[in-house]
Amino acid sequence: MTFANDWAGAVGDVWADEWQRTDRGFGAMTPYLDAAILAAAPEQGRAIDIGCGAGGTSITLARARPGLKVTGIDLSSTLVDTARSRASGCDNLSFRVADATANPDLEGTADLLVSRHGVMFFDDPVAGMAALRRLVVPGGALVFSCFDSVTRNRFAADPMAAATGREPQPATEYTPGPFGFAYPDFVTATLTAAGWGALRHEAVAFDYRVGAGDDPIADAVSFFTRIGPSAPLLRAATPKERPAMLARLTDVVARHLHDGVVDFPAAAWLWSARAA
């Protein structure tokens, strides 16, 4: 699984290289998250984007709320460089390389925290969410998205099954990584213990696009060798194992080709909360 510190190194570098394809993957979910963020966003004050990645969520918020100071924070310097390169013309937007849970100068400065799938990587989720709560003013808002179970996200489950020959099983306890916040009861308990209240969550089913262009199947296979739970399995495969794994992955991808694109079923949660 991916841990928080992984983003400061190779994982962040890969996502910076692949930001256009990762943004495309989240494209069908993004309007739901953006709408939830804008519903909570004040006209003025400060917002912080936790795990801002290549900056898409930060940029959308900054452009929609020109009177709001928006700060995107990420552990990856390469992702922050990418975000800065995309943010021209947003005078109310800045980015910094930092751990949002370990910056005392940010405490009590934000009216709103937002995150697109960036809060599921804490070693101690209660401590992590409590540290985020300290960033906001009393009554400050939190809006974030996270994946549902791996079995409901076939863009992850099917390539993993192709690589290993086994259907991945949902974790029975919290593990830092993309599916760490899959279960609402656990997230509710975590947020409550961390000092958040007024909790709300909404399920969002969407198509995760992994292949398009002149050869969408090849595009999708290439994507899966770079991004997602199957990527490290393919990298670790021996020269003897890899051709068969890629053949199985290609077959899986081909089954999801429709109308010139490769889409896999995906499921996420949208959460909102207030500092209690």
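**Stop 1: two helices**

Select helix α9 (residues 216-224) and helix α11 (residues 242-255): they pack at an angle of about 125°, with axes 9 Å apart. That angle makes α9 oblique to α11 (under 35 degrees is roughly parallel, over 145 roughly antiparallel, 65 to 115 roughly perpendicular, and the rest oblique). Helices here are DSSP runs of H or I, at least four residues, numbered from the N terminus. Axes are lines fitted to C-alpha atoms over the stretch in contact, with angles from 0 to 180 degrees between N-to-C directions.

This is a predicted model, where local features need pLDDT of at least 70 and side-chain atom pairs count only at pLDDT 80 or more, while totals for chains, interfaces and linings use all residues. Residues are numbered from 1 along each chain as its sequence is written, and side-chain values use heavy atoms, leaving out hydrogens and water.

Now show the side chains of Ile-217, Ala-220, Val-221 and Phe-224 in α9, which meet Leu-246, Leu-249, Thr-250, Val-253 and Ala-254 in α11 (contact means heavy atoms within 4.5 Å).

**Stop 2: Arg-226**

Next, pick Arg-226 and Asp-17, whose side chains meet in a salt bridge (3.4 Å, N to O); the term means a side-chain nitrogen of Lys or Arg within 4 Å of a carboxyl oxygen of Asp or Glu. Arg-226 sits in the loop between α9 and α10 (230-236) and Asp-17 in helix α1 (residues 10-17), so the pair ties together parts 209 residues apart in sequence.
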